[in-house]
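Colleague: I'd like to learn how to read a fold like this one. Could you walk me through it, feature by feature?

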Amino acid sequence: SILLLFMLTNCSSDNNINTKNPYLPDYSVNLVLNLNLPAYVNLQYPSNAVYVNQAGAGIRGIIVFNAGSYYKAFDAACPNQALSNCSTMTINGIKAKCPCDDKEYSLFTGLGDAEYPMKEYRVEATGNQLRIYN
């Protein structure tokens, strides 16, 4: 029971956020998205995702996903590939797909059938704005 208590007290909701991935560099991210703007209005509805590609949006842009009662944000760079001309993921429903190896990753968890999960960023929702940061 002491081991179980130790394991429970060391769990964190940020476990995936700082996973070191040798394929993906660390870039500073601090974006604010206004969900009332046409480019982001789909994020007001559950199970919708948008691709954000602007200055400061991670390595290859960021995929933002409305998971129902919360939002998720992941880098669009394929997590199990060296950066190349095919290593920007695309949105495929509730998954992201890497065109290099056809691996798919859940936009709810960032997990796929590969060694590394998607690179995750923190999301803070305030009214109709999302702050995405690391």
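**Reading the disulfides**

Modeller: Let's start with a covalent link: C78 and C98 form a disulfide, with 2.1 Å between their sulfur atoms. Keep in mind that this is a predicted model.

Colleague: What is a disulfide in general, and how many does the structure hold?

Modeller: In general, a disulfide is a covalent bond that connects the sulfur atoms of two cysteines. Here the structure holds 2 of them. The link of C78 and C98 is right-handed, with 105 degrees about the S-S bond. C78 sits in the loop between β4 and β5 (90-92), while C98 sits in the loop between β6 (95-97) and β7 (104-106), so the pair ties together parts that are 20 residues apart in sequence.

Colleague: And which cysteine does C86 join?

Modeller: C86 is bonded to C100, with an S to S distance of 2.1 Å. That link is right-handed too, at 115 degrees about the S-S bond. C86 is in the loop between β4 and β5 and C100 in the loop between β6 and β7, so this pair ties together parts that are 14 residues apart in sequence.

Colleague: If I number the bonded cysteines of the chain in sequence order, what is the pairing?

Modeller: The pattern is 1-3, 2-4.

Colleague: Are C78 and C98 buried or exposed? And why does C86 count as partly exposed?

Modeller: Both C78 and C98 are buried. For the other link you need the cut-offs: buried is under 20% relative accessible area and exposed is over 50%, with partly exposed in between. C86 comes out at 27%, so it counts as partly exposed. C100, with a relative accessible area of 26%, is partly exposed as well.

**Reading a strand and its partners**

Colleague: Now the strands. How many helices and strands does the chain have?

Modeller: The chain has 1 helix and 9 strands. From the N terminus on, the order is α-β-β-β-β-β-β-β-β-β.

Colleague: Take β3, then. Which way do its residues point?

Modeller: The general idea is that side chains in a regular strand alternate between the two faces of the sheet. In β3, I62, V64 and N66 point one way, and I63 and F65 point the other way.

Colleague: Which strands does β3 pair with?

Modeller: One of them is β2 (residues 49-52), which runs antiparallel to β3 and is joined to it by 4 bridges. In that pairing, V52 stands opposite I62. β3 also pairs with β4 (residues 71-75), again in the antiparallel sense, over 5 bridges. There, V64 faces A73 in β4.

Colleague: What about the turn between β3 and β4; how many residues does the hairpin have between the strands?

Modeller: There are 4 residues between the strands, and in this hairpin G68 takes a positive phi near 105 degrees.

**Reading a sheet and single residues**

Colleague: In what order do the strands of the open sheet come?

Modeller: The order is β5-β6-β7, 3 strands with antiparallel pairing. β5 and β7 are the edge strands, each pairing on one side only. From one strand to the next, the twist averages 35 degrees. β6 and β7 share 3 bridges, and the bridge partner of K95 in β7 is S106.

Colleague: Let's zoom in on S106. Why does S106 count as buried?

Modeller: Its relative accessibility is 18%, so S106 counts as buried. The side chain of S106 reaches the backbone nitrogen of T109 at 3.3 Å. Leaving out residues up to four places away in sequence, S106 touches I94, K95, L111 and M118.

Colleague: And a loop residue, say L83: which residues does L83 touch?

Modeller: L83 is in the loop between β4 and β5. Not counting residues up to four places away in sequence, L83 touches Y23, L24, P25, I59, R60 and A77. L83 has a relative accessible area of 35%, so it is partly exposed.

Methods. Residues numbered from 1 in each chain as written. Predicted model: local features only at pLDDT ≥ 70, side-chain atom pairs only at ≥ 80, totals over all residues. Heavy atoms only, no water. Buried < 20%, exposed > 50% of the residue type's maximum accessible area, 1.4 Å probe, protein only. Helix = DSSP H or I, 4+ residues; strand = E, 2+ residues; numbered from the N terminus. Pairing = 2+ DSSP bridges. Disulfide = S-S within 2.5 Å. Contact = heavy atoms within 4.5 Å. Polar contact = N/O pair within 3.5 Å; in protein donor to acceptor, adjacent residues only side chain to side chain. Axes fitted to C-alpha atoms, helices over the stretch in contact; angles between N-to-C directions.
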